[in-house]
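The sequence and structure are shown first, and the description follows.

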Amino acid sequence: MNLASKRGFQWAMLAPVTLFLIGVTVFPFIFTVTNSFTDYYYLATEAKQFIGFSNYTKIIQDEQFLQAVWNTIKFMILAVSIETALGLGIAVLIESIKRGQKVLRITMLIPSLLPPVTVALIWQMMLSNHNGIVNHLLHWFGVGPFNFLMDINIAFNAILFIDIWQWTPFAFLLLYAGLQSVPQSQFEAAKVDGAGKLSIFVHITLPNIIPTLFMVILLRTIDTFRLFDKVNILTGGGPANSTTTITQYIYKQGVYNLQIGYGAAASVIMVMLVPVFSVFYIKRSMGGTS
């Protein structure tokens, strides 16, 4: 087989996958962007009309959308910060233990292996204000009961806690792997020089795992920005929009209210916001490692 035939064969094998990827990525993106400039309503009897930037203007003036953006950003900052800090602390702790590391690693990873919907349903039962085990335990201490998922002062924090419970093990796994790559010779040299544990962590451990640390922050930032399943199952965005995220807002407008054009515009805005945070992260991380 000559070179031209070999390349032709390779492209022929790649063509089905390439066409499939284009179909599930490029086409939906174009469909969403074009519909965001229309008044497309799913049940409308008339054809959709081009309305320019009217959907975008309406969205940025909608207090519910602005609240959803704030909720999403606040959730992202708190969840990523806490999960990264806890993951790092647990990774350092387990890495320092001489026995039982395998058992602890496996046990730690269980929450992150569960599907988000399963996690949401489990915690929905546990946080029930009638039969939930959490309120039963609090009752023994003379506290509660609390309506964790419908109290405007608690619901957001409850979802935040559940996300931290599920995804801290993910941060732990990556950071634990990063700790394994730190040269042991550096630790030995520091101990010979009489450095303490805190000094070793600050001057040796932390600088060596900074790339892994940045990767954890980036992956969790993107993932928390797309938070939907927990909110949709546990609170539906309530009470009083206190837990509504951008994805939940898009779902309500595009799927529940069938305002396809309006929901598409909200989706485009969300797609534009994600790179903004990603570029900010990349610049900060490159500046921190230079």
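Helices (H or I, at least four residues) and strands (E, at least two) are DSSP runs, numbered from the N terminus. This is a predicted model, in which local features need pLDDT of at least 70 and side-chain atom pairs count only at pLDDT 80 or more, while totals for chains, interfaces and linings use all residues. Residues are numbered from 1 along each chain as its sequence is written, and side-chain values use heavy atoms, with hydrogens and water left out.

**Backbone geometry**

The loop between helix H10 (229-234) and helix H11 (246-256) contains Pro239, and the peptide bond from Gly238 to Pro239 is cis, with omega near -10 degrees. Asn241 is also found in the loop between H10 and H11, and Asn241 has a positive phi of about 60 degrees although it is not a glycine.

**Helix packing**

Two packed helices are described by the angle between their axes and the distance between the axes. Here axes are lines fitted to C-alpha atoms, for helices over the stretch in contact, and angles run from 0 to 180 degrees between N-to-C directions.

Helix H7 (residues 155-180) and helix H9 (residues 197-225) have axes that come within 9 Å and cross at roughly 150 degrees. H7 and H9 are therefore roughly antiparallel to each other, a class for angles over 145 degrees, where under 35 counts as roughly parallel, 65 to 115 as roughly perpendicular and the rest as oblique.

Helix H4 (residues 101-113) packs against H7 at an angle of about 135 degrees, with the axes 6 Å apart. That angle makes H4 oblique to H7, and H4 passes H7 in a left-handed crossing. In this contact, residues of H4 including Arg105, Met108 and Leu109 meet residues of H7 including Trp165, Pro169 and Phe172.

**Cavity and pocket**

On a 1 Å grid over the protein atoms alone, a cavity is a set of points where a 1.4 Å probe fits but cannot get out, and a pocket is an open set with protein on both sides within 12 Å along at least five of seven lines; lining residues have an atom within 4 Å of a point. Grid points are joined across faces, edges and corners, and a volume is the space filled by probe spheres set on the points.

By this rule there is 1 cavity of 30 Å³ or more. The largest cavity is lined by Asn71, Phe75, Phe156, Ile159, Leu227, Val231, Thr243 and Thr245, and helix H3 (63-96) and H7 are the elements that give two or more residues to this lining. The largest pocket is lined by 17 residues, of which Glu95, Ser96, Phe187, Lys191 and Ile200 lie nearest its centre; H3, helix H8 (184-192) and H9 each supply at least two residues of that lining.

| Space | Volume |
|---|---|
| Largest cavity | about 40 Å³ |
| Largest pocket | about 670 Å³ |

Terms used
A crossing is left-handed if the near helix is turned anticlockwise from the far one by less than a right angle, and right-handed if clockwise. Contact means heavy atoms within 4.5 Å.
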